[in-house]
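Here is a short briefing to read alongside the structure. Have a look at the model first, and then we can walk through a helix and some aromatic rings together.

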Amino acid sequence: KMSVPDYMQCAEDHQTLLVVVQPIGIVPEESFFRIYKRISAVSQVNVRDSQRVLYIRYRHHYPPENNEWGDFQTHRKVVGLITITDCSSAKEWPQTFEKFHLQKEMYGPTLYDSRLFVFGLQGEIAEQPRTDVAFYPSYDECETVEKRIEDFIESLFIVLESKRLDRATDKSGDKIPLLCVPFEKKDFVGLDTDSRHYKKRCQGRMRKHVGDLCLQAGMLQDSLVHYHMAVELLRSVNDFLWLGAALEGLCSASVIYHYPGGTGGKVGSRRAQGGSFSAETGNRHRPGAQEVLIDPGALTSNGINADTSAEIGRAKNCLSPEDIIDKYKEAISYYGKYKNAGVIELEACVKAVRVLAIQKRSMEASEFLQNAVYINLRQLSEEEKIQRYSILSELYERIGFHRKSAFFKRIAAMQCAAPSIPEPGWRACYKLLLETLPGYSLSLDPQDFSKGTHRGWAAVQMRLLHELVYASRRMGNPALCVRHLSFLLQTMLDFLSDQEKKDVTQSLESYTAKCPGTMEVITLPDGLKLPPVPFTKLPIVRSVKLLNLPTSLRPHKMKSLLGQNVSTKSPFIYSPIIAHSRGEERNKKIDFQWVQGDVCEVQLMVYNPMPFELRVENMGLLTTGVEFESLPAALSLPAESGLYPVTLVGVPQTTGQITVNGYHTSVFGVFSDCLLDNLPGVKTNGCAVEVIPALPRLQISTSLPRSAHTLQPSSGDEISTNVSVQLYNGETQQLIIKLENIGTEPLEKLEVTAKTVNTK
């Protein structure tokens, strides 16, 4: 039974000739693929003097057991073999040539023609002209490779054309042989070969086969005619497997007619690397792929006429886009009757999905895919499972089923690290997991989660984030673990149970012990960037309030006691505060000033959402506009603390306008810069304040004892000190009033007056 499915198959592959390109002996991989790429560029060939085009499908690997299904569908048959070998001396030549013959035997009777490309051999042997061998001095000196391939395809065409004509002409009297698939051979032993039933079966299968050959030979209309006849014949004898193949042939020919651009599409273009999924399939319908003319004049000597089928005009036999899908369904239901035809059934499903994707019929496409998921093949290797799930995922993506696509991609990722693999591919696993994020409404940027409602299923998202952490750990990248765990804690906090909060923070602390979390962007080898994750919820800040200086430190405007203005250039004129992006609240004018060199305070109301005590190691202010020395605080907030005031302090070192932009913290070993712009629910009395130059500080003291009560309340504008003294009538007492500049700035001008108030 055919064991290896080709998930990249498309309907238009039915018109291709399969050519295998393989190395013989030891050929450096890079050199092989350089030549392979050049060979596979010759993928589309025009037949001279006719409208016909030949398409070639190149493979560097093809399982021989799949080749045995070549009679069933001729595009599965290896018709050309190109081998590439290194041969440096004439001594090695006989052995090399022998290996070439052995390689040919592997694909045996299906080959139409083969070629051997020898690199490195010069001298007598290399100068003998031969059709099946080409000699090149080195991998760099081989300009004629493409020309050789064109000649090779010409010889394939001649064989194909003669086979087609040979089978198509109904030689009455000759017995038509019965074509079989490998598992049928034993069933036909001892059948009555003279019965009408048997003859019809032979005819039907042969018609279908001729349809395949016509399609490959570029005669689309003829192939449709043959397929229709085959369907009639095979339906009448209930030959279901081959009836399915004839219907699929009809579908393929009709798809080629309706969708000349092909249905393969570049599945890989979504991926970062763009381009085609491999050199093999990428250039299938590449405009500008090298086109070669083949001269059918070489054929007329055999009495073969130049092709006239192009004039038949549009075939009435072509299926409509709707019919194509119905016939695919019917064909797949027939294939489903044979457990040995699993690969054929699976590939037919994939081809139908590609057609439906172009027709934008997603729901129907998903039914075909659902069917493909449940087709049982033999025990697949882990490698094949990864491939199978990745392709299913890409097909779901193409029909717009993003979550389903992510689901299968995640299974593929898990498969990369299956316990049965001797060396699990954690990098591949991690890369595939990252590709599933969009399907689960996840991104790597915490900003996407700060606005409004949560999108997607949190439970699934948390599971996926945990898997990313685990894969990062197995890759040996603790910085990645920390980043993904921080992301999980920050964005999923509302969905974590108390126990989960404890578990996540414990594992976070164990990672940050080795590698602290930072505010750096992490760039992965493939260029993907992981933005930093500041912990704006640990603790949650509800309000930020800039505090005025204590009364004794507030700056006072000088009023002249002698009537005239002291200074026209007062440094305390308010400048209007620069508008801030964060709406009204942020740009409120603050009606006090801070002073350079004095300790200034900002009060935050915070609370701890965690079910345990939260230790914030290092909390300080982030400011701009003025040089500011932040004096960090350490705090410990009780479990689910409710609102809790925290005062952060610092000293402005220069003057100007200072803006408090946010605060920084260190929690669980992760350093965060939390900007107020990114915190939606924070109340503030304004965030910008004027810092004025350092001022002299004047202190007044007297030689008298202080009074127990104030005589008159201070208006707040003045600093007052109240002293009391008891005098008898007529008594005089000396009083010393001391004015002292206790600041660091010199006091340049001082006015003093005294006045007595007679209240009694």
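Let's start in helix α3 (residues 93-107), where Phe97 and Phe100 are 3 residues apart and so about one helical turn from each other. Bear in mind as you look that this is a predicted model. An α-helix has 3.6 residues a turn, so residues three or four places apart point the same way.

**Phe97 and its surroundings**
- Both Phe97 and Phe100 are buried.
- Arg130 also comes into this picture: its charged end sits over the ring of Phe97, 4.8 Å from the ring centre.

**Aromatic pairs**
- In total, the structure holds 22 aromatic pairs.
- Elsewhere, a cluster linked by ring pairs brings together Trp69, Phe72, Phe183, Trp242, Tyr335 and Tyr338.

**Another charge over a ring**
- Phe240 has Lys337 over its face, at 4.9 Å from the ring centre.

**Helix α6**
- Spanning residues 196-216, helix α6 has 21 residues.
- From first C-alpha to last, α6 reaches 30 Å, close to the 30 Å expected at 1.5 Å a residue.
- How much of α6 is covered? Most of the helix is, with 15 of its 21 residues buried.
- After α6 comes Gly218, which has a positive phi, near 85°.

Definitions and conventions: Residues are numbered from 1 along each chain as its sequence is written. This is a predicted model: local features need pLDDT of at least 70, side-chain atom pairs count only at pLDDT 80 or more; totals for chains, interfaces and linings use all residues. Side-chain values use heavy atoms; hydrogens and water are left out. Helices (H or I, at least four residues) and strands (E, at least two) are DSSP runs, numbered from the N terminus. The expected span of a helix is 1.5 Å times one less than its number of residues. Buried means under 20% relative accessible area, exposed over 50%, partly exposed in between (1.4 Å probe, protein chains only). Rings of Phe, Tyr and Trp (its six-membered ring) pair if their centres lie within 6.5 Å; planes under 30 degrees apart count as stacked, over 60 as edge-to-face and the rest as tilted. A charge sits over a ring if NZ of Lys or CZ of Arg is within 6 Å of the ring centre and within 35 degrees of the ring normal.
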